[in-house]
Amino acid sequence: MAKWSAVILGFILAMIVKVCFSSYELIGLIIIGFLVGYIAKEGIGGGLWNAALAGAFGTIVASIIFILIATTGGTLLGGIFGGLAGFTISGFTSLIEVVYEIIKYALIMGIAGAVGGAITKKTNTTN
């Protein structure tokens, strides 16, 4: 079961990493995945699921925002008349890239979330 507070926090942080800190993407995703898994406190499986879900949501929303910004080109009128064909073409050609990013974010954050969840479960059983 997904802990939505952890997923939403990871989703927001994953979007910030994708948009603002793309040169430190791998390190940021590992840290965010670990935090989501740790916050979820559901063990290895729960940490993996919550972090992978947050990574997938972050990738989907960031990709949609990027496509919309790139399509409109900064002007509303130019985007309506000149960008509709470009939006259709870019939608088909960039679908593979978006799917690759979703899988990459889900795997990296999921593995780190499993580690965070394992640490949380281990500390909860000793208390």
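Is F57 buried, exposed or partly exposed? F57 is partly exposed, with a relative accessible area of 34%. On this scale buried means under 20% relative accessible area and exposed means over 50%, with partly exposed in between, using a 1.4 Å probe and protein chains only.

Before going on, the basis. This is a predicted model, in which local features need pLDDT of at least 70 and side-chain atom pairs count only at pLDDT 80 or more, while totals for chains, interfaces and linings use all residues. Residues are numbered from 1 along each chain as its sequence is written, and side-chain values use heavy atoms, with hydrogens and water left out.

The pLDDT is the predictor's confidence in each residue, from 0 to 100. For the protein its mean is 78, and 74% of the residues reach 70 or more. Confidence is lowest in helix α4, residues 76-93, at a mean of 56, and highest in α2, at 89.

Now the overall layout. The protein has five helices and zero strands, in the order α-α-α-α-α along the sequence. Helices here are DSSP runs of H or I with at least four residues, strands are runs of E with at least two, and both are numbered from the N terminus. Of the 127 residues, 36% are buried. A contact means heavy atoms within 4.5 Å. Among contacts with a separation of 6 or more, 83% are between residues 24 or more positions apart.

W4 and F57 form a stacked pair, 6.3 Å centre to centre with 20° between the planes. W4 lies in helix α1, residues 4-20, and F57 in helix α3, residues 43-72, so the pair ties together parts that are 53 residues apart in sequence. W4 is partly exposed too, at 48% relative accessibility.

In the pair F34 and Y38, the ring centres are 6.2 Å apart and the planes are at 20°, so this pair is stacked. The rule is that rings of Phe, Tyr and Trp (its six-membered ring) pair if their centres lie within 6.5 Å; planes under 30 degrees apart count as stacked, over 60 as edge-to-face, and the rest as tilted. F34 and Y38 are four residues apart in helix α2, residues 25-40, which puts about one helical turn between them. F34 is partly exposed at 29%, and Y38 is partly exposed at 36%.

Next, α2 itself. Which residues of α2 are buried? They are E25, G28, L29, I32, G33, V36, G37 and A40. Seen down the helix axis, these buried residues fall within an arc of 160°, so they line one face of α2. That arc is taken over the directions from the helix axis to the C-beta atoms.

E25 is in α2 and is buried, at 16% relative accessible area. Its side chain makes a polar contact of 2.6 Å with that of Y105. A polar contact is a pair of N or O atoms within 3.5 Å; within protein, one must be able to donate a hydrogen and the other to accept it, and residues adjacent in sequence count only if both atoms are side-chain atoms. Leaving out residues up to four places away in sequence, E25 touches V17, E101, K104 and Y105.

Last, K41, which follows α2. K41 is in the loop between α2 and α3. Its phi is near 55°, a positive value in a residue other than glycine. K41 is partly exposed, at 46% relative accessibility.
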